[in-house]
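Hi everyone, thanks for coming.

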Amino acid sequence: MLRAYVILYVVVLFGPLFFIALFSFHSSGAMTFPMEGLSLTWYRAFFADHVFVESFKFSLIVGFTSTLVTTVVGSLVAIALARLKGWPKQALGFLTFAPIALPGLFIGIALLTFFGQIGMERTLKTVTIAHILIMLPFFIEASRSRLEYFDLSLEEAARDLGATPWNAFRLVTLPIIAPTLIGAAILSFAISFDEVIITVFVSGSESTLPLAIWSSLRRTATPIINAASVLALASVLLLILTFAVLGWWRRRRKIIGRQAIEGTAT
């Protein structure tokens, strides 16, 4: 029964994604069975549509920029929180987690009011700032749980051997916590690429891909939207695959280097 439940869960979870991907290759505009054939018509139509192409480009720009800033700032905050003790750790941990519990509508209105008060025009800059604000709590919580178990004695050993604080962090701490930070960064990019509610309030004339899809759905549902959704999903999966390959290559180099050292010693 448990195995059947897991299979049913996976089918319900990934079934809609399968149909979206399938109908994006449908040669006909009808999103019903039976299918009349497979074609790349809707992908060509997507790249021929200036609005979709520009919004896709804007989503990539905002996603990578906000992810880079979030990774740098969030890593420092997560490391600091992991090393705190007592009530300051609990208080600051609660403050970093609180934005996750707030409704997106509330955050969107608050940011809209804030940008209006300081006279900041709504552009991709305001969208990027909003996405960083959204992503930081998720990044910190995703990475802090792993950093809680980091053995600080490793850094102390490096310091005892003459390493500076920066070299101890760069050569000892960072390589160990890097997979956790990369995983949190990928999660942050996916959140940024998918964000709609808050982006509606802080965006100007330059819209992201989710907003372009939403605007198109308000008029009519076309298979171009399926192609756009598949491309958005593929962007996130490509990022995950890239880091997975880099991680495999890094581990492979370590194994080869270890084998070479053992062979030399033998």
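Here is one to start with: at which residue does α8 bend, and by about how many degrees? The bend of α8 is about 55 degrees and sits at L174, with a proline, P175, following within four residues. By bend at a residue I mean the angle between axes fitted to the seven residues ending there and the seven starting there.

Before going on, a word on the source: this is a predicted model, where local features need pLDDT of at least 70, side-chain atom pairs count only at pLDDT 80 or more, and totals for chains, interfaces and linings use all residues. Residues are numbered from 1 along each chain as its sequence is written, and side-chain values use heavy atoms, with hydrogens and water left out.

Back to α8, residues 165–194: it spans only 38 Å between its end C-alpha atoms, whereas a straight helix of 30 residues would span 44 Å. That expected span is 1.5 Å times one less than the number of residues.

Now look at α1, residues 2–23. There is a kink of about 40 degrees at F14, shortly before the proline P16. Still, α1 reaches 32 Å from first C-alpha to last, close to the 32 Å expected.

Overall, the protein chain has 11 helices and zero strands, taken as DSSP runs numbered from the N terminus (helices H or I, at least four residues; strands E, at least two). The C-alpha trace spans about 70 × 60 × 45 Å along its principal axes.

Finally, please find F56 in α3. A search of the whole structure gives 10 aromatic pairs (Phe, Tyr or six-membered Trp rings with centres within 6.5 Å; planes under 30 degrees apart are stacked, over 60 edge-to-face, the rest tilted). F56 and F193 pair edge-to-face, at 6.2 Å centre to centre and 80 degrees between the planes. F193 lies in α8, so this pair ties together parts 137 residues apart in sequence.
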